[in-house]
Amino acid sequence: MNINRIDLADAASPERLVLEILKHEPTLAIPIPIKELCLRLDILEIVPLTTDGYEGGLLTSSDKFNGTILFNEASPRPRRRFTIAHELGHFLMPSHLPSSDGRFLCKLQDMMALKGGETDKRLKMEVEANRFASQILMPPPKFRVDAAASKDPELGHLCSIAKKYDVSREAAGRAYVRFRDEPVALVVTQNGKVLRDYRDPLKFPNLSAARGRMVSDHSLLRRRKHEMGVPSAIDETDAGVWTTVERGRKPAPLYEQVLLQRDGFALIMLSRDAVSGDDEEADDEAEMTSAERLKRRLHSDR
Ligand SMILES: [Zn+2]
């Protein structure tokens with residue numbers, strides 16, 4: 001690796017930082033060697049945290065001459081990698097300044113902040129550090145190609161991508177829903193309750209199931225038994241189960257797939273067909289029963 005901190009001197013946003021890093025290191029391997037990258041960029045050491053209740057930290061001076069990254073040793077490796085990338089983001093973002101004692105300390109909750117911060121400076125820094133971490137670990141030019149590699153959005157595909165990039169399924173899912181052409185949403189549940197959901201708001205409508213609420217009995221999650229660790233078959237679920245459907249309007253078919261995980265967790269992938277712009281085909285589909293549409297979707301060789 002040849003990259004140097006000087007190469008990033010003009011970069012002031014997470015996107016620009018990642019762009020410059022990829023420009024100077026076009027052959028970076030996947031999974032991204034994040035520790036090695038940190039050490040090239042004036043991080044002196046990466047060591048386990050000793051403060052309880054935090055997922056990561058950064059020790060540096062206000063001039064950010066160099067820094068030390070701290071991570072929670074008890075977390076699984078993909079999460080530790082995300083934490084280290086997040087702290088590198090704080091270190092490299094010129095507008096991110098440490099507290100008066102020269103520290104950033106970040107909680108697990110901070111690592112999940114994806115929006116907001118217009119009026120909250122600290123939250124804004126967390127959101128930006130997460131954008132940096134996501135993009136450096138899943139460089140968009142490569143991730144876009146991998147995300148498009150399966151015919152339909154599919155949880156097994158998402159799992160293999162997460163493995164390839166050595167990131168958590170949830171982190172991969174956040175990027176996946178943005179890069180797939182079709183409207184896709186990923187819902188994280190525990191014991192049947194919605195914890196979090198990720199979708200591209202321009203492509204996928206609001207979910208009607210609020211966070212903390214029980215998922216509907218009519219969802220695939222609850223109407224069938226699922227095998228732990230094995231993605232279910234993709235099935236069609238009435239769109240009204242997950243989204244608000246206007247009266248008298250026939251919603252586009254909604255597909256649901258479930259992956260049961262440990263400790264009562266489940267990942268649910270919701271998807272719709274990409275808008276084809278081909279009216280004839282759309283009319284054609286409208287004439288079909290939902291079972292026919294599903295069959296066509298699962299068996300067509302597009
Ligand atoms: Zn942070």
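Which residue in S9 does Val187 stand opposite? The model shown is predicted.

**View 1. Two domains in one chain.** Domain 1 covers residues 5–137. Domain 2 is built from two segments, 180–274 and 281–299. Between the C-alpha centres of domain 1 and domain 2 the distance is 34 Å.

**View 2. An open sheet of four strands with mixed pairing.** The strand order is S1-S3-S2-S4. Strand S1 (43–48) and strand S4 (103–106) are the edge strands, and each pairs on one side only. From one strand to the next, the twist averages 15°.

**View 3. The S1 and S3 pair.** S1 runs parallel to strand S3 (residues 67–71). Five bridges join the two strands. Within this pair, Val47 faces Leu70 of S3, the two standing opposite each other. Strands of a sheet pair through backbone hydrogen bonds, in either a parallel or an antiparallel sense.

View 4. Helix H3 spans residues 77–92. H3 lies across S1, strand S2 (56–60), S3 and S4. Relative to S3, H3 runs at about 150°.

**View 5. An open sheet of five strands with antiparallel pairing.** The order here is S6-S5-S9-S8-S7. Strand S6 (193–199) and strand S7 (235–237) stand at the edges. Each has a single partner strand, so one side of each is left without a neighbour in the sheet. The twist in this sheet averages 30° from one strand to the next.

**View 6. The S5 and S9 pair, with the answer to the opening question.** Strand S5 (residues 184–190) pairs with strand S9 (residues 265–271). The pairing is antiparallel and extends over seven bridges. Val187 stands opposite Ile268 in S9.

**View 7. Helices H6 and H7 on the five-stranded sheet.** H6 lies across S5, strand S8 (254–260) and S9. H6 runs at about 50° to S8. H7 lies across S5, S6, S8 and S9. The angle of H7 to S5 is about 155°.

**View 8. H6 crosses H7.** Helix H6 spans residues 155–165, and helix H7 spans residues 169–179. Their axes come within 9 Å and cross at roughly 110°. H6 and H7 are therefore roughly perpendicular to each other. The crossing of H6 past H7 is right-handed. From H6, the contact draws on His157, Leu158, Cys159, Ile161 and Ala162. From H7, Arg169, Ala172, Gly173 and Tyr176 meet them. By class, the contact of H6 with H7 has six nonpolar, two polar and one charged residues.

**View 9. H5 packs on H7.** Helix H5 spans residues 140–147. H5 and H7 pack at an angle of about 75°, and their axes are 10 Å apart. That angle makes H5 roughly perpendicular to H7. H5 contributes Pro140, Phe143, Arg144 and Ala147 to the contact. H7 contributes Ala172, Ala175, Tyr176 and Phe179. The contact of H5 with H7 has seven nonpolar residues, no polar residues and one charged residue. Ala172 and Tyr176 of H7 take part in this contact, and they also meet H6.

Methods. Residues are numbered from 1 along each chain as its sequence is written. This is a predicted model: local features need pLDDT of at least 70, side-chain atom pairs count only at pLDDT 80 or more; totals for chains, interfaces and linings use all residues. Side-chain values use heavy atoms; hydrogens and water are left out. Axes are lines fitted to C-alpha atoms, for helices over the stretch in contact, and angles run from 0 to 180 degrees between N-to-C directions. Angles under 35 degrees count as roughly parallel, over 145 as roughly antiparallel, 65 to 115 as roughly perpendicular and the rest as oblique. A crossing is left-handed if the near helix is turned anticlockwise from the far one by less than a right angle, and right-handed if clockwise. Contact means heavy atoms within 4.5 Å. Ala, Val, Leu, Ile, Met, Phe, Trp, Tyr, Cys and Pro count as nonpolar, Asp, Glu, Lys and Arg as charged, and the others, Gly among them, as polar. Domain bounds come from an automatic or database domain assignment. Two strands pair if DSSP finds at least two bridges between them.
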